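Here's a quick briefing for anyone meeting this structure for the first time. Have a look at the sequence and the model, then read on for the main points.

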Amino acid sequence: MGNLIKLDKENMEDILNLTLMQQGLLFHNIKNDDNNLYFEQLSLGISQGLDLSIFKEAWNLVVEANEMLRTVFRWESVDKPIQIVLRNHKPDIRYIDYSNKDRNVALSLVEDLKIKDREEKFDLVNVPFRITLCKVEEQKYEMIISNHHIIYDGWSNGVVIKEFLNNYNTLIEGKVCEKLKKNKIKNFIKWTQKQDGIKCEEYWRKYLKSFSEKTEINIKKKKKNEVQFCEDYIFRIKKDIVDNFTRQNKITLAALIYTAWGILLQKYNDNEDVVFGTTVSGRTAKIDDIENMVGLFINTIPLRVKAKGNDKIINLLYKVKRELELREEYELTPLVNIKKYSEIDNKDELFDSIVVIENYPLDNIVMKKEGKLSFDSYSMSEINSFDLT
């Protein structure tokens, strides 16, 4: 643990338990304190002039409206880990001016800075959230938003960016920003604690019955202190082809992608019964205005694809679609519990690979050209504990 901030009782707005998902991420943080697992970095390009003081004030208002952006964590000398929401907190905003450099040099320095930023891992006893603004040339900036995944998920990025843009564009016109009233994270935590554990256990035991051999892929992360190799692979499919297929067969895009990955794993494992991880938004919880809350609502749960070689693909697609509908009621069951309900050996993980379908509206929010400030590009970088995502 790093330098422990002394907490002033007057500045403590709330003390909350961690969700089981947060507990899992905290465990990884403590166990692997020399790496940057679950570090997330969003970079956005800006091609216009900026008022730095208004930029900072716009971010102050975002942090004021969203409690997880002013939350710290404690786990030593307490019975169980807690998260403490600070009443007042100014975000860590850094400004670096490369505009006196040659343009190509400046762009190269920004890329170097992104790497150094990812290497500067977060200490969760401080608020694990910061913003870095780089001036590349007179009318070009790069804004880098970094956070630990324990405080919020991918959907939250869209919420945070939208609020920042609204604040900046309102303030630059000399107007006063409307104070946002948001639901509290503690209401989500309470909701998860009220879930029927017996029904969840019955569902997952039945779902994973007779599955006892872990689905593996021939990709393994290096051991501790060895270099980790990580590469992104991008493959684009024409939208109209996918849209036509899913519409004609009345299936969802998720069912199509999950089934395709399941068949691939069946081939690699020479096994007709495979399991892999899928990430769900968690925003189906019955919480008012949950789509506008910033926090960690997602969960990663297993999906089982079981089929014989002579089964028709379309029938398998329909089967997966039905299973996705049935499991929605149980999708916030913590993975650690699901593992206990399975027949997999305790020493093994349930799966090595996860499939994440990102359908949050970041594209629409980021690339909308409205107001005095807008973005012209963005990129994401994140690292999790699974071998393949």
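In this predicted model, the side chains of Lys114 and Glu111 join in a salt bridge, with N and O 3.2 Å apart. Both residues sit in helix α3 (residues 103–119), three residues apart, or about one turn of the helix. Lys114 counts as buried at 8% relative accessibility, while Glu111 is partly exposed at 42%.

**Other salt bridges**
- The count of salt bridges comes to 21.
- Lys182 pairs up with Glu163, and their closest N and O atoms are 2.4 Å apart.
- That pair ties together distant parts of the chain: Lys182 is in the loop between α4 (154–172) and α5, Glu163 is in helix α4, and 19 residues separate them.
- Glu163 is buried, with a relative accessible area of 10%.
- Asp92 and Arg94 also meet through their side chains, at 3.1 Å from N to O.
- Asp92 is partly exposed at 31% relative accessible area, and Arg94 is partly exposed too, at 27%.
- These two belong to a salt-bridge network that links Asp92, Arg94, Asp117, Glu120 and Arg130.

**The chain as a whole**
- You'll find 11 helices and 11 strands in the chain.
- The radius of gyration is 22 Å, close to the 21 Å that the globule rule gives for 389 residues, so the chain is as compact as a globular protein of that length.
- Along the principal axes, the C-alpha atoms fill a box of roughly 65 × 50 × 45 Å.
- Of the 389 residues, 46% count as buried.
- Take the contacts with a separation of 6 or more: 79% of them are between residues 24 or more positions apart.

**Out on the surface**
- The chain exposes about 21,900 Å², and carbon and sulfur atoms supply 49% of that.
- Tyr233, Phe235, Ile237 and Ile241 make a nonpolar surface patch of about 540 Å².
- Tyr233 sits in the loop between α6 (197–207) and α7 (239–249) and is exposed, with a relative accessible area of 69%.
- Lys194 lies in the loop between α5 (185–193) and α6, and at 70% relative accessibility it counts as exposed.
- From Lys194 to Leu208 is 14 residues along the chain, and their C-alpha atoms are 24 Å apart.

**Cysteines**
- How many disulfides does the structure hold? The number is zero.
- Cys177 counts as buried at 19% relative accessibility.
- Cys200 is buried as well, with a relative accessible area of 10%.

How values were computed:
Residues are numbered from 1 along each chain as its sequence is written. This is a predicted model: local features need pLDDT of at least 70, side-chain atom pairs count only at pLDDT 80 or more; totals for chains, interfaces and linings use all residues. Side-chain values use heavy atoms; hydrogens and water are left out. A disulfide is a pair of cysteine sulfur atoms within 2.5 Å. Buried means under 20% relative accessible area, exposed over 50%, partly exposed in between (1.4 Å probe, protein chains only). Patches are made of residues with over 30% relative accessible area and no salt bridge: like charges are joined within 9 Å, nonpolar side chains (Val, Leu, Ile, Met, Phe, Trp, Tyr) within 5 Å. Accessible areas come from the Shrake-Rupley method with a 1.4 Å probe; for residues, only the protein chains shown count as cover. A salt bridge is a side-chain nitrogen of Lys or Arg within 4 Å of a carboxyl oxygen of Asp or Glu. Helices (H or I, at least four residues) and strands (E, at least two) are DSSP runs, numbered from the N terminus. The radius of gyration is taken over C-alpha atoms; the globule rule is 2.2 Å times the number of residues to the power 0.38. Contact means heavy atoms within 4.5 Å.
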